[in-house]
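Here is a short briefing on one protein model. Look at the fold first, then read the points below.

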Amino acid sequence: MRPLPCRPLVAPLLPVLLCALVALGVPGAAAADGPDGSGGSAENTENTGSAGSGGHGGPSASVEVARLYVEAQSATARYEAGRRAAAVQRARVKHLERLLAKERYEVSVLHEDLGRMATAQYRTGGGLPLTARLLLADNPDELLRGRRVVGQADLAVTNTVARTQRAAARLATARRSATRARDVLDRREARLARLKRDIEAKLESARWTLQEEADASAAAGRCRGAVRLAQPESSSTRAWVTPVESYELSAGFDSAGARWAARHTGQDFAVAIGAPVRSVGAGRVVRVACGGGFGVEVVVRHEDGSYTQYAHLASVAVDQGERVRTGQWVGQAGTTGNSTGPHLHFETRVTPDLGSGVDPVGWLAERGVGL
């Protein structure tokens with residue numbers, strides 16, 4: 001396929017030089033995810049740079065991307081937590097508004113009942129003094145009993161109205177408090193959203209700076225050396241893990257298409273540039289190489305004698321010969337070499353070289369890791 005178009009760098013002369021290097025260094029017949037002949041062989045240029053050397057800005061881009069990547073994850077988590085809290089508070093306000101409307105409706109109904117009772121008393125002589133009504137009544141005892149019943153009903157309604165009004169007042173106070181809390185959470189959610197967007201914008205810029213440095217290294221066939229990244233603390237005791245934490249599966253093993261000269265030799269994980277790539281198991285780094293169809297790549301030999309490859313990286317965080325533990329970051333994802341977009345090309349092999357691959361999905365499943 002044609003060499004990938006070059007993205008402009010900051011320095012005015014670098015784009016021309018980089019395009020020329022890419023045109024010379026990437027074979028036109030190479031496949032989109034690494035050639036089947038030479039991309040993963042020992043003929044690749046090995047890691048010749050010292051740790052933190054080379055590139056246009058040294059290790060700063062790798063470190064900055066790793067830092068911003070963690071910050072973006074944290075900001076996203078805080079934003080999502082704030083968004084959920086605000087949603088819960090909004091639901092509480094709506095619930096209180098429904099209860100308040102119900103209480104107010106009951107107050108109005110009870111007031112109507114009191115009005116009907118007063119009207120009934122007036123129509124049955126309620127306007128006359130009680131002594132006069134007793135003298136005129138055919139059955140004074142019955143009139144007194146009726147008077148007591150009406151009085152009791154009147155008192156019950158009055159008490160209920162008062163109780164309902166107190167409940168409505170309490171609900172109104174609770175609603176005002178909940179509304180204030182909702183407003184605070186809404187403002188906090190807006191601040192977190194702005195912070196999240198700002199970090200993501202910085203991360204996106206840093207990612208492409210990192211990728212440009214990686215492209216230059218891959219085009220020159222000379223690795224910059226390991227960039228030591230702050231490794232996350234892990235309490236996991238699992239022997240095997242996935243090569244990236246958050247991902248979408250894209251091209252699978254042995255799939256065919258115009259992007260590859262033969263068939264696809266690994267499993268692709270769609271991730272952003274700079275996403276931490278980790279060793280799926282404990283072992284030793286047997287290859288760190290740049291250039292060729294796989295771009296920047298790392299190969300690890302595991303304790304059971306199997307091998308894994310991590311390709312199209314934007315940076316490496318380990319040196320050749322170094323021991324790695326399960327889950328240790330070995331690099332950052334990118335789109336170096338013959339790659340059509342940011343992703344991790346992951347292979348599982350019986351030897352360190354291309355052509356000995358087995359299906360990574362089944363290989364991981366045998367080790368208790370599902371994708």
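**Disulfide and overall picture**

Both Cys223 and Cys290 are buried, where buried means under 20% relative accessible area, exposed over 50% and partly exposed in between (1.4 Å probe, protein chains only). This is a predicted model: local features need pLDDT of at least 70, side-chain atom pairs count only at pLDDT 80 or more, and totals for chains, interfaces and linings use all residues. Residues are numbered from 1 along each chain as its sequence is written, and side-chain values use heavy atoms, with hydrogens and water left out.

**Overall make-up**

- The protein has five helices and eleven strands; helices (H or I, at least four residues) and strands (E, at least two) are DSSP runs, numbered from the N terminus.
- Of its 371 residues, 42% count as buried.
- Take the contacts between residues at least 6 apart in sequence: 74% of them join residues at least 24 apart. Contact means heavy atoms within 4.5 Å.

**The disulfide**

- The structure holds one disulfide, defined as a pair of cysteine sulfur atoms within 2.5 Å.
- Cys223 and Cys290 are its two ends, with an S to S distance of 2.0 Å.
- Cys223 lies in the loop between helix H4 (140–220) and strand E2 (248–249), and Cys290 lies in strand E5 (residues 283–290), so the pair ties together parts that are 67 residues apart in sequence.
- The link of Cys223 and Cys290 is right-handed, with 120 degrees about the S-S bond.
- A disulfide is a covalent bond between the sulfur atoms of two cysteines.

**Around Ala218**

- Ala218 sits in helix H4 and counts as buried at 14% relative accessibility.
- Leaving aside neighbours within four places in sequence, Ala218 is in contact with Cys290, Gly291 and Thr336.
- Ala218 and Phe294 are 76 residues apart in sequence, yet 9.2 Å apart in space, C-alpha to C-alpha.

**Nonpolar cores**

- A nonpolar core is a set of buried Ala, Val, Leu, Ile, Met, Phe, Trp, Tyr and Cys residues joined through side-chain atoms within 4.5 Å.
- The largest nonpolar core has 39 residues, and Val277, Val298, Tyr310, Leu313 and Leu344 touch the most other members.
- Elements that each supply at least two residues of this core include helix H2 (60–126), H4, E5, strand E6 (296–302) and strand E7 (307–316). Strand E9 (329–333), strand E10 (344–349) and helix H5 (360–366) also each supply at least two.
- H2 gives the most to this core, with six residues.
- Beyond its neighbours within four places in sequence, Val277 has contacts that include Pro243, Val244, Tyr310, Leu313, Trp329, Val330 and Leu344.
- A second, separate core of seven residues includes Val93, Leu100, Leu171 and Ala178.

**Strand pairing**

- Two strands pair if DSSP finds at least two bridges between them.
- E2 and strand E3 (residues 267–270) pair in the antiparallel sense over two bridges. Leu249 stands opposite Phe269 in E3.
- E3 and E10 also run antiparallel, joined by three bridges. Here Asp268 stands opposite His345 in E10.
- In a regular strand the side chains alternate between the two faces of the sheet.

**Aromatic pairs**

- The whole structure holds four aromatic pairs. Rings of Phe, Tyr and Trp (its six-membered ring) pair if their centres lie within 6.5 Å; planes under 30 degrees apart count as stacked, over 60 as edge-to-face and the rest as tilted.
- The rings of Phe269 and Phe346 have centres 6.1 Å apart and planes at 75 degrees, so this pair is edge-to-face.
- This pair links distant parts of the chain: Phe269 is in strand E3 and Phe346 in strand E10, 77 residues apart.
- Phe269 is buried at 0% relative accessibility, and Phe346 is buried at 0%.
- The rings of Tyr310 and Phe346 have centres 5.5 Å apart and planes at 50 degrees, so this pair is tilted.
- Tyr310 in strand E7 and Phe346 in strand E10 are 36 residues apart, and their pair links distant parts of the chain.
- Tyr310 counts as buried at 0% relative accessibility.
- Tyr247, Phe269, Tyr310 and Phe346 form one aromatic cluster.

**A buried histidine**

- His343 is placed in the loop between E9 and E10. It is buried, with a relative accessible area of 6%.
- The side chains of His343 and Ser339 are joined by a polar contact of 3.4 Å. A polar contact is a pair of N or O atoms within 3.5 Å; within protein, one must be able to donate a hydrogen and the other to accept it, and residues adjacent in sequence count only if both atoms are side-chain atoms.
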